[in-house]
Amino acid sequence: MSAARAMNPVLRRELTERWRGRRAFLLLTVYVAVLALITEGLYWLGRSILESQFGQGFAGFAGGPALGRFLYENLLGFVLLLVLFIAPGYAAAQISGERERRSLPLLQVTLLRPIQIVLGKLGASLAWLMLLVVAALPFAAAAFFLGGVAVGDLARAVLYVLVVAVAIAAMSLGISAATRRTAASVVLTYALVLTLVFGSGFVAIIEYVIDANAGRFDERPKALYLNPFYGLADAARIGQFGVFEGQLPSVLTMFAFALPEAARPVPAVVDAEQVDEFVVEPDPFGAGRRGGSVWVATMGIYAGLGALGLVVAHARVRPGRTVARLGRPARGGPPRPPPGWAPGQPPPGPAPAAPGAPPGPPAHAPGVPPGMPPPPAGSAPG
Amino acid sequence: MSAADVAAAATSGDGQPAAAPAVRVRGLLKRYGQLAAVDRLDLDVPEGSVFGLIGPNGAGKTTTMLAVVTLLVPDEGTIEVLGHDARREPRDVRAAVGYMPDFFGVYEGLTCAEYLDFFAAAYRIGPAERRRQVADLLELVDLSHRADVDVSGLSRGMQQRLGLARALVHDPRLLVLDEPASGLDPRARVDLREILRELSRQGRTILISSHILSELEEICDRVGIIEAGRMLAQGTPQEIRARSRSRLVVVARVLGGGDALRRAADVAMALGATRVSTDGGRLTCEVQGDTAEAAADLLAALVHAGVRVVEYHEERGALERLFLTVTEGIVR
């Protein structure tokens, strides 16, 4: 690939448009400041809970791992939430927006391949989001100072979040390409996200009730595999036993209860006396754990859905049999005269004689006095 | 065909479609539901010509153009653009064709220069060449002074010129312009016409559409009359004029009031003129037969009969009337 094509033009244009001037800079600054406040707030919240449970001073060395996990899990949950709500917002407008601006045909007629347009749009939807995720990493990494979190835990969780982000953006792009109006695209996209988050939870509850009625208490609801937080809980290697065993409940804790038995990690801190065991994951990717790859399965499902979105987007961006109607408003309307110039009026500006104008008759004959002989033009009639 | 017509055809430089066709469309058919937007249309655009596609809104001009620029896959028919089949080799066609639709796709937050640079990049032009090309094109369309102005802040005429520059970023041999003059004020139209003349001088083939004939009459070597998805006639404006019963409208302003006008009308009718009217102190009629000769004969006869002619001219926009004539038969 030559240097000229080093970067997808669609992506480059998007970055130019969005990251120009101070707006992006200010937004990022505010975002990082808010994250700092949240981290600080979580730290003091977790600390005061621990101290109220275990007494003054527990939150020092002994409570560190619990605090670390508390920060890490909550921040990851926050980042995933951000992904789920920002990725569709950017992606949903990408292709329908081009359509509304009527700039899509202009792209299609260039030498950009449809897949380049789609991937450029995908990159454009994700660029900003990726930056936000990356900017949040140092805060999650603050947990390393407190303990309870292995580097692999963070790496795995971040990989998971990024894959989900790409998949959500790709699905949104598919919806954006399939709808004509950005408003419809946005509504559908968020409906999809809400379905994945809450719909899967709702179905899981029904599944659980049915299984419980049948006496199958060990069954795990399959619908949860669609829930992005469920996979994150696994990817983050969440502890699940709650405050009374030296853990603080996080936004991910409730999903941990639903994880299959084998996927449940050992609690980070079993009790205050066993502080030596606070790092329990020697293997960051969980190899050797029986059936413990909920996060991998969820990632796979999302990757599949994302690929489907890209396929739809690609099919809809390719010039085809209907692009004319998408590229312009309704056809066959009543004839519209252009403003200020009705047909039949002489053309504006210098108007030389029509190409076929006969050179014979003068364009402007002077007055001819009566009685004079006719000018010798053409064959004089009798 | 009179000597005058032959001369006019010769000066327009394109008597017959001798050159290899830049665009060759055969049997183009495109349906939207029940409606055939384009109904087995044939089109030949000789290389190097300026070809005007003329027809009312909904006649199928845009659909035809979309098919030519590969944005639309027709239901039937073949399209060859500069030797490439539009369906089998769309990328070759796109590389050789610049397309300007009848709307302007705005990217807010981009300057004119960035806008052109983006499209140049989309045509795989390298950064250094892009910079040069963008500067040249801004110069051509007289927007150099707006290079750093946001695209969304341009006037309609400037947007149109920028759109034309966009269609030219990859130096295409064929330009397809869909209603480029619609919505422009008179001044902007003149500017546009000048730019198109320049592009034609550079040897580019231009396919241009309009629902207003007078827009195209001056710049086109050839025109095609299209209505209800069918090509009614193609040729030089002169050829089409000759084909449509050589109808020529002349207007004579005469002194002397009603009597003189009546006398003038008698003279005109004696010479076989039709649709004679004497409204507003003017004699208006369609002269019979060969245009130049008959018009000259009529003037001579008027003067000979003692009618004091102050002004005598062929009515402008004759092509427009011609177009109406050509289309009437099909509509009803």
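A residue is called buried if 20 or more other C-beta atoms lie within 10 Å of its own, exposed if 12 or fewer do, and partly exposed in between, with C-beta atoms placed from the backbone. The model is predicted, and local features need pLDDT of at least 70, side-chain atom pairs count only at pLDDT 80 or more, and totals for chains, interfaces and linings use all residues. Residues are numbered from 1 along each chain as its sequence is written, while chains are lettered from A and ligands numbered from 1 in the order in which they are written.

**Positive phi angles**

- Arg40(B), found in strand β2 (residues 35-46) of chain B, has a phi near 50°, a positive value in a residue other than glycine, and is partly exposed, with 14 other C-beta atoms within 10 Å; helices (H or I, at least four residues) and strands (E, at least two) are DSSP runs, numbered from the N terminus.
- Thr70(B) lies in the loop between α2 (61-68) and β4 (76-81) of chain B, where its phi is near 70° and likewise positive, and Thr70(B) counts as buried, with 25 C-beta neighbours inside 10 Å.
- Most residues other than glycine have a negative phi.

**The sheet**

- Four strands of chain B form an open sheet in the order β12-β13-β11-β14, with antiparallel pairing, where two strands pair if DSSP finds at least two bridges between them.
- Because β12 (274-277) and β14 (309-314) of chain B each have a single partner strand, one side of each is left without a neighbour in the sheet.
- Strand β11 (residues 248-254) of chain B is joined to the antiparallel β14(B) by five bridges, and Val250(B) has Glu314(B) in β14(B) as its bridge partner.
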